[in-house]
Amino acid sequence: MLQTAQRTAKSKTKKTAPPHERFLEAFRWMLLARTLEEKLVSLYRGGLITGGVYIGKGQEAVSVACGLFLQKGDIFAPLIRDQAGRSAFGEPLLDVTRTYLGSRQGPMRGRDGNIHRGHPRKNELAMISHLGAMISVTVGALMAKRFKGDKDFIGLACIGEGGMQTGSFHEGMNIAAVEQVPLVVVATNNHYAYSTPNDREFACHDLVDRAIGYGFEGYSLDGTDLTACLDVIGSAVKRARAGRPPQLVVASVLRLSGHGEHDDASYVPDEVKRQPFARDCLKVAEKTIVDLNLLGAETLAQWRKDAAAQVDEAIATAQKEAPPEGDKEDWCAISTRDLADSFE
Amino acid sequence: MSITYLEAIREAQAKLLRDDDRVFIYGQDVGGTFGGAFKATKGLAKEFPGRVLNTPISEDAIVGTAIGAAIQGMRPIIEMQFADFSSLALNQILNNVGTHYWRTNVPVPITVRLPSGGTKGSGPFHSQSMESIYAHYPGLIVMTPATVEDAYTMLIEAVAIDDPVIYCEHKYLYYHLKADKLPDKGLPTGRARVAREGRDLTIVSYSAMMQESLAAADELAREGFETEVVDLRSVKPLDIDTVLASVARTGRLLCVGESFPWGGTTAEVIARVASAGFHLLDAGPQRLNAKDTPIPYHPNLWSVHRPNAKNITAKARALLRE
């Protein structure tokens, strides 16, 4: 079995851009995610969102590539900073605003909030806060598809370098390789686990080297470069679909926000913010668009307006909807109602 | 012909694999020619190729995998090699599968088999009873069969239930309990059973402690006391109506469980009886659990660490004198 970690060439040396259409589609999802999350942040600052707001600023290029290549029947396990990928995968904006604003009509119905949402029946798994736990869940979903005789499916699970240090992650990666499921794991190293920098998170030379140990094929990626994200993650998806061993992609970015919006990230030193991995992927992508003249300035402005309008509508709709009510709630944690314990 | 508690578990799994394509068994050493540390899956890998699968020693990933498969429509049965090791899967069980239906409206039908409870010489890490931990958390059904017949029918029912089931099978009963034949149908889950009728005292128990309580009832009968023994069968849901009806007949309650004494199933039964049936009690309700120390290795220590027929009898005698 081939089990070597490979590195792609540095994205800067890549001469060819991916097809413009795909690049622009990806950019548009990124723009939508950024617009939405900026709006969520202002709602939070205004006291209109209870709990927390966790955004994917700086990680949109990696995330969108995670969602964009998945097809009907594929399994997606997004994580905390994957708004762009969720949207590209097909999650309606209303799911997001309803969950953040606590609408009873959202997928979580006020029972869970913010990024803890999903549509398991539509193959978008609902993450739990305990990192690493969703890797093996994705493996099991893929095994079920194999048991059922489904064809042409893959799974893609997202993780960060923080989550990569959990036991659950290690167990999940190992069992994925043992079961030889068509899985892509995209790990975004955003250089901070909450406030803890890389040097207190792990001591290996390069996280992608772990691919060999797990029995994955491994690839590195400059996560600030949308072209590279589409290329490397797209290729990993293709290889998984073709029956290659599970794929690990490790992308390097800087989290351009706090852990959540309650966190000002003052612990990130200025010199880190000047590193190449600290570039804003959205600005980089926009520069590519302008440099290569892929879109006119008017179209670009129109796209921004469209994104803002979609976001405003999704927020306005969710804000009009009724919240859950304690005395009308169905307080039953199992579906087999006659087996619910009675505490009367 | 006689069939043991362990064979009943194997037979139930064979039937499930035969009758339902969605069922597969996943766990450490369950497959190949080995058939599990206790042989609960012996021969099944050969009979059902590709559906009885060995796993790495990765309790968290084993349960996680089962969750994903169940969301996609399968009915996985997990064997934890020992209940004690399910502590390594607590996150997947309590936080992932236990919350899933409530959060997403999608139920997750996994069955987790836990070879539970003490046997001679097994020590602190191969003897634990975890049912009270799992019952404490929302979203899980917790079965604790005490008879060969229940071991069989309840495991079949566990897999049929759309929600996650923690199925606590007692290792001490594996070879000690025998029945003539397996029933087609048992009492439904959630219904306790009066295993022995009496009018002087109610002992509420489950799993192996139910058998110890029956032995205690025999001894008390020789002393002229008629003991009613209620077998809870499942600790969640807890059939408090059957318990209250029994206490209404006897006026005295002793709860016996093998897990540790702080909180737990016996405390829960007493709390509910005291709350709903205070007027039925002629004496303060009592309980007997294992001691509040890790489970000892040496048989001399182990035999007094857990409740047994002898100390249950002593506790019952004291209660009857009140």
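Two residues are in contact when heavy atoms of theirs lie within 4.5 Å. Keep that cut-off handy for the exercises below, and remember that you're working with a predicted model.

## Exercise 1: Lys315(B) and its neighbours

**Task.** Find where Lys315(B) sits, list what it touches beyond four places in sequence, and decide how open it is.

**Solution.** 
- Step 1: Lys315(B) belongs to helix α12 of chain B, which covers residues 309-321.
- Step 2: Lys315(B) has a relative accessible area of 28%, so it is partly exposed.
- Step 3: Ala216(B) is 99 residues from Lys315(B) in sequence, yet their C-alpha atoms are 10.0 Å apart in space.

## Exercise 2: A threonine in α10 of chain B

**Task.** Is Thr266(B) buried or exposed, and which side chain does it join in a polar contact?

**Solution.** 
- Step 1: Locate the residue. Thr266(B) is part of helix α10, residues 265-277 of chain B.
- Step 2: Compare with the cut-off. Buried means under 20%. Thr266(B) has 2% relative accessibility, so it counts as buried.
- Step 3: See who surrounds it. Leaving out residues up to four places away in sequence, Thr266(B) touches Cys255(B), Val256(B), Gly257(B), Arg287(B), Leu288(B) and Asn289(B).
- Step 4: Pick out the polar partner. The side chain of Thr266(B) makes a polar contact of 2.9 Å with the side chain of Arg287(B).

## Exercise 3: Along helix α1 of chain A

**Task.** Compare the span of α1(A) with the expected one, then describe the surroundings of Arg34(A).

**Solution.** 
- Step 1: Take the helix from end to end. α1(A) runs over residues 20-45, which makes 26 residues, and its first and last C-alpha atoms are 37 Å apart.
- Step 2: At 1.5 Å a residue you'd expect 38 Å, and the model comes close to it.
- Step 3: Look past the end. Gly47(A) follows α1(A) and has a positive phi, near 80 degrees.
- Step 4: Zoom in on Arg34(A), which lies in α1 of chain A. Its relative accessible area is 7%, so Arg34(A) is buried.
- Step 5: Name the contacts. Beyond four places in sequence, Arg34(A) is in contact with Lys57(A), Gly58(A), Glu60(A), Asp280(A) and Leu282(A). With Asp280(A), the side chain of Arg34(A) makes a polar contact of 2.7 Å.

## Exercise 4: Where the chains meet

**Task.** Describe the interface of chain A and chain B: how many residues take part, how much area is buried, and how many salt bridges are there?

**Solution.** 
- Step 1: Count the residues. Chain A brings 47 and chain B brings 46.
- Step 2: About 3,700 Å² is buried between the two chains, and carbon and sulfur atoms give 59% of it. In chain A, Phe147(A), Glu171(A) and Leu339(A) lose the most area to chain B, together 17% of what that side buries.
- Step 3: Look for charge pairs. There are two salt bridges between the chains. Arg103(B) forms a salt bridge with Asp112(A), with the closest N and O atoms 2.7 Å apart.
- Step 4: Across the interface, 21 residue pairs qualify. On the side of chain A that touches chain B, α5(A) gives the most, with twelve residues.
- Step 5: Sort that side by class. It has 25 nonpolar, eleven polar and eleven charged residues.

Notes: Residues are numbered from 1 along each chain as its sequence is written. Chains are lettered from A and ligands numbered from 1 in the order in which they are written. This is a predicted model: local features need pLDDT of at least 70, side-chain atom pairs count only at pLDDT 80 or more; totals for chains, interfaces and linings use all residues. Side-chain values use heavy atoms; hydrogens and water are left out. Buried area is the accessible area (1.4 Å probe) that two parts lose on being put together, summed over both. A salt bridge is a side-chain nitrogen of Lys or Arg within 4 Å of a carboxyl oxygen of Asp or Glu. A polar contact is a pair of N or O atoms within 3.5 Å; within protein, one must be able to donate a hydrogen and the other to accept it, and residues adjacent in sequence count only if both atoms are side-chain atoms. Helices (H or I, at least four residues) and strands (E, at least two) are DSSP runs, numbered from the N terminus. Ala, Val, Leu, Ile, Met, Phe, Trp, Tyr, Cys and Pro count as nonpolar, Asp, Glu, Lys and Arg as charged, and the others, Gly among them, as polar. Buried means under 20% relative accessible area, exposed over 50%, partly exposed in between (1.4 Å probe, protein chains only). The expected span of a helix is 1.5 Å times one less than its number of residues.
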